[in-house]
Amino acid sequence: AGNPTAGALGLGHECPASGPEKKKREDWYKDNWWKAPEVCDDWAKGPAGNETWKKDNPSPEEQKKRDDWYRANKGEPAAPEEQDKRDAWYRKHGKEPSGPQLDKREDWYRKQLSDDDKAKRMDWLRDRGDKEKRILADELGDALAAINEGQRPTDEQIQAVKDQIDWNRKGEKDDFGPDGASGRKRGVADDEDEPTIGQDEFFKAVADTNFYVAPDADEREMQAEEEKADQEKEEMTRQEEEAAYLAMDAEEELAKKPEDWQRNYVDPENDEWWKKPEYIEQYQRDPEDTEAPWRMEGASGKKRPVSDEEQEEREQWMKDNWWKAPKHSTEWKRDGEGGEGWKKAAQPEEDDDGMTRDDDETPEATPEQLKEREDWFKNAKNPERQVVDPEAAADEWWKKPSMIEDFQEGGDDWQRGAEAPEEKQKREEWLKDNWWKAPKQIEEWTKAQKEDPEQQTWKRAAAEPEEDDDGMNRNDVEEAPPEVVAEREAWYKKAVEPFHGEKLNDDDFKGEKLEEPFHGEKLKDDDFKGEKLE
């Protein structure tokens with residue numbers, strides 16, 4: 001034999017299969033899972049069974065193949081069409097062979113061994129194997145290296161194989177003595193001077209100890225591919241985890257550092273300086289702080305507290321407007337994903353990190369309250385919603401950009417007071433024609449004054465241009481004529497620029513409400529003297 005493995009197989013001994021052979025068998029078992037006994041039993045139950053043999057939704061051809069296999073192995077007659085097919089085959093091949101074919105077959109039969117001759121030869125091989133196919137115990141390492149692509153085993157591996165041989169001999173009551181293969185007289189037969197190991201027991205010990213057999217070229221290539229795939233998967237998992245951690249850090253950073261509008265926005269028409277969201281947050285953190293800015297006549301300067309009655313009024317306002325605190329506008333920005341505390345009817349319970357508790361049972365506010373809060377958030381984030389149309393009459397409040405946005409989003413605020421159908425139709429036509437005065441288009445125009453804009457939809461000819469497959473406006477839409485674009489830009493300058501004029505500091509208020517806080521030259525503290533300016 002070319003090697004011990006081939007020799008052992010030739011003698012009918014059991015030997016560990018090679019790596020490719022194991023892989024081939026494993027693939028076959030995976031592909032033929034439906035031949036398992038329990039699956040066959042389920043098939044035999046018919047509709048009353050679980051039909052597990054169909055669990056992978058096989059194709060009709062595959063179902064027929066499996067059904068035929070089950071029927072054939074159960075001993076059922078084949079289907080009529082299959083029987084016809086077999087009959088045709090028998091008729092074709094059942095004819096008496098020709099003379100040359102008969103001579104060929106007779107010659108083959110004459111060369112075959114009889115069963116007695118085969119038995120004699122097998123006995124001879126066994127006897128010869130017991131006498132000649134043996135190795136010295138000291139040569140065990142070399143024999144193991146021969147089946148391990150020349151890689152010599154460690155002393156621990158050699159000893160493990162020797163111990164297994166000893167164990168097998170004791171269990172099978174081997175004729176080579178009870179002391180085993182490792183001792184001075186272990187494995188010594190009557191006619192031997194040195195201990196030896198038979199080929200049969202050698203391979204059995206190798207199989208019992210799962211002795212490592214070096215992989216061949218195909219196995220090494222497959223192992224390298226698996227390791228590469230595992231490394232790529234591990235790297236992908238690491239990158240995903242890193243991205244998740246970065247996203248979490250970004251979310252936490254967003255919560256820690258609110259945007260400017262979340263901290264400083266006040267309604268220019270209705271609010272006073274101490275109603276800033278950051279002062280609401282300060283009150284929530286320490287309601288008893290007597291030096292808090294919101295208790296003073298101004299945010300800086302002499303820091304003289306207002307009267308007790310005024311402080312009580314401000315404190316009550318803070319309690320009623322708790323939802324304007326930056327952490328709740330952050331919740332609104334996240335569209336509920338980071339918490340929905342801003343939707344509660346009263347200030348909800350919070351965790352140690354200041355976020356709304358998941359098990360908070362505070363009921364939600366009314367739809368009207370939620371609408372009011374969301375409008376405030378929108379106005380704070382996008383002040384252009386409150387721009388006043390310079391061309392509108394005093395009672396045409398519905399021409400505000402926020403009402404155009406409400407109309408475009410399918411709301412009904414723009415219809416307030418429009419009892420007559422004629423009035424409603426007039427508003428609807430105006431809102432459609434003046435779509436370019438919506439907050440989105442005003443914001444685009446405003447950004448275009450400072451930087452190159454990504455979009456300038458305010459220049460397009462129609463209100464609703466064609467969209468790409470991803471839902472974004474197409475870039476090749478038709479623009480309005482130059483004179484129309486110029487007319488719109490003139491309106492933006494007239495309506496928006498005064499709104500974005502220089503704002504006043506907290507001390508410029510001195511507790512008084514200015515009529516036009518976004519117009520004119522910035523004033524100094526001494527210019528107020530506690531009086532209301534014209």
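**Exercise 1.** In which helix of the protein is confidence lowest, and in which is it highest?

*Solution.* The model is predicted, so that local features are taken only at pLDDT of at least 70 and side-chain atom pairs only at pLDDT 80 or more, whereas totals for chains, interfaces and linings use all residues. Residues are numbered from 1 along each chain as its sequence is written, and side-chain values use heavy atoms, with hydrogens and water left out. Take pLDDT, the predictor's confidence in each residue from 0 to 100, and compare its means over helices, which are DSSP runs of H or I with at least four residues, as strands are runs of E with at least two, both numbered from the N terminus. The lowest mean, 61, belongs to helix H1 (residues 4-10), and the highest, 89, to helix H2 (residues 19-31). For the protein, the mean pLDDT is 76, with 74% of residues at 70 or more.

**Exercise 2.** Decide how the residues 501-534 should be read, given their pLDDT.

*Solution.* Over residues 501-534 pLDDT stays under 50, although the model has 52 contacts (heavy atoms within 4.5 Å) beyond four places in sequence for them. Residues 174-191 also stay under 50, with 34 such contacts. Where pLDDT is low, predicted coordinates should not be read in detail.

**Exercise 3.** Is Val496 buried or exposed, and which residues does it contact beyond four places in sequence?

*Solution.* Val496 is found in helix H20 (residues 482-496), and its relative accessibility of 1% makes it buried. Its contacts, leaving aside neighbours within four places in sequence, are with Val387, Ile442, Trp445, Thr446 and Trp491. Val496 also lies 8.4 Å from Val388, C-alpha to C-alpha, although 108 residues separate the two in sequence.

**Exercise 4.** Why do the buried residues of H13 lie on the same side of this helix?

*Solution.* First list the buried residues of helix H13 (residues 277-285): Pro277, Tyr279, Ile280, Tyr283 and Gln284. They are on the same side of H13 because they cover an arc of only 160° around the axis, taken from the directions from the helix axis to the C-beta atoms. Their cover includes helix H12 (260-264), helix H14 (308-320), helix H15 (326-333) and helix H16 (367-381).

**Exercise 5.** Where does Asp413 lie, and what joins its side chain to that of Lys371?

*Solution.* Asp413 sits in the loop between helix H17 (401-408) and helix H18 (421-433), and it counts as buried at 14% relative accessibility. The side chains of Asp413 and Lys371 are joined by a polar contact of 2.6 Å; the term denotes a pair of N or O atoms within 3.5 Å, of which, within protein, one must be able to donate a hydrogen and the other to accept it, while residues adjacent in sequence count only if both atoms are side-chain atoms.

How values were computed:
Buried < 20%, exposed > 50% of the residue type's maximum accessible area, 1.4 Å probe, protein only.
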